[in-house]
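Good morning, and thank you for coming. I shall speak about how two parts of one protein chain meet. Please look at the sequence and the structure first.

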Amino acid sequence: MNIVRVEVLVASPDRNFVTLRLTTDDGLVGLGDGTLNGRELAVASYLQDHVAPLLLNRDAHRIEDTWQYLYRGAYWRRGPVTMAAIAAVDVALWDIKAQAAGMPLYQLLGGASRNGARAYGHASGRDIPELFDSIRAHQAQGYKAIRIQTGVPGLGTVYGVASSPTVGQQRYDYEPARRTALPVEEQWDTPAYLRHVPTVFEAVRNEFGPELTLLHDGHHRMTPIQAAKLGKSLEPYDLFWLEDCTPGENQEALRLVRQHTTTPLAIGEVFNSVWDYQTLISEQLIDYVRSAVTHTGGISGLRKILDYAAQYQIKSGIHGPTDISPVGMAAALHLDIAIHNFGIQEYMRHGDATNQVFRQSFTFTDGYLHPGEQPGLGVTYDDQAAAAHPYQSAYLPVNRLLDGTVHDW
Ligand code: KDG
Ligand code: MG
């Protein structure tokens, strides 16, 4: 079963997506997601110019060999562009193999370990009343686990907080910088944030009670001691996790945070290989692996990380914002259903334009996701719908402190 056609598809239905489509000589078609938010064309070029010639006439069944060939063979290992490109190939090959077997992909990963994957959504508000409306809207959609982000008094727009106050429409699409020619610059002040966040969680617990599962994302903005302080001050509100409290590059930073708080810790959406987790996993400094299938070399890459994490009772919390395409989401769901150390799945929901290009068979019912029973991944790509949405240059925002210093985020 050889690969005879390699297509790199770039379209912007609501936002930019890079999709790899592989066709085999017996007519099977597999899809992989290679979207890297704000740097999409770098992955598209890597795939088109450097990977496509290597795939033609390869046996589509040889998934692990192809993974190693692209990872070791390139000499330049790791990095978000390389690993997103490898992910696109890997997921497309798994899609093909599962279709050839006539089974949904999770069956090839060991079969179902659970009936559904518990998902969390993103509630946010510029202030507490808006936040409460957003939480209620998510509960009405069925979510039992909700991430909480709010504006900070004295600051302008805060990343991760919806700007629309319309009830039921509060969503923050991780659309790079709202399509301005250059990145939007946002303001940040960590002391003001640290003063405000515990008051938000106190208000949420008072209003919604102890059973609602709550999460929070720090977007890499704190020093270790600031993160330790926040984790400690949030303990009374019983968070499911505090995500990305410190910058991702420094694994040792989490040691100090861990020594000071029992708030569970999650990190990894900017990571792309098992080496980014080596200290974090072996020293049990985290509780959840936050990587995306799309940014860690696909199902084969993320499975290696999750199997390693499982030995240390660390669970999955696979990245699932809107900049992961429905192809990347479906791949995550097949893993979620199959692995033993599943924790939770992020699910922001895509908009209508995205869903018209990527036809999906996965479902969201009563707070749980399921990849469906179609052979393969269960996602198809509509070329005609995609043609109406050409690529648009876009950047993620940049974050500056009040004195103008560029800050982590
Ligand atoms: O591309 C960046 C986004 O995917 C990221 O900021 C989303 O932090 C995020 C999350 O937790 O989903
Ligand atoms: Mg995050």
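Between domain 1 and domain 2, twelve residue pairs are in polar contact, both residues at pLDDT 80 or more. A polar contact is a pair of N or O atoms within 3.5 Å; within protein, one must be able to donate a hydrogen and the other to accept it, and residues adjacent in sequence count only if both atoms are side-chain atoms.

On the side of domain 1 that touches domain 2, the elements giving two or more residues are strand S2 (17-24), strand S3 (29-33), helix H2 (63-73) and helix H3 (80-101). Helices (H or I, at least four residues) and strands (E, at least two) are DSSP runs, numbered from the N terminus. H3 gives the most, with eight residues.

The model is predicted: local features need pLDDT of at least 70, side-chain atom pairs count only at pLDDT 80 or more, and totals for chains, interfaces and linings use all residues. Residues are numbered from 1 along each chain as its sequence is written, chains are lettered from A and ligands numbered from 1 in the order in which they are written, and side-chain values use heavy atoms, with hydrogens and water left out.

Which domains are these? Domain 1 covers 3-105 and domain 2 covers 117-373, with bounds from an automatic or database domain assignment. Their centres, taken over C-alpha atoms, are 26 Å apart. The contact (heavy atoms within 4.5 Å) takes 31 residues from domain 1 and 36 residues from domain 2.

Finally, the rule finds one salt bridge across this interface, a salt bridge being a side-chain nitrogen of Lys or Arg within 4 Å of a carboxyl oxygen of Asp or Glu. The side chains of Glu64 and Lys304 form a salt bridge at 3.2 Å, N to O.
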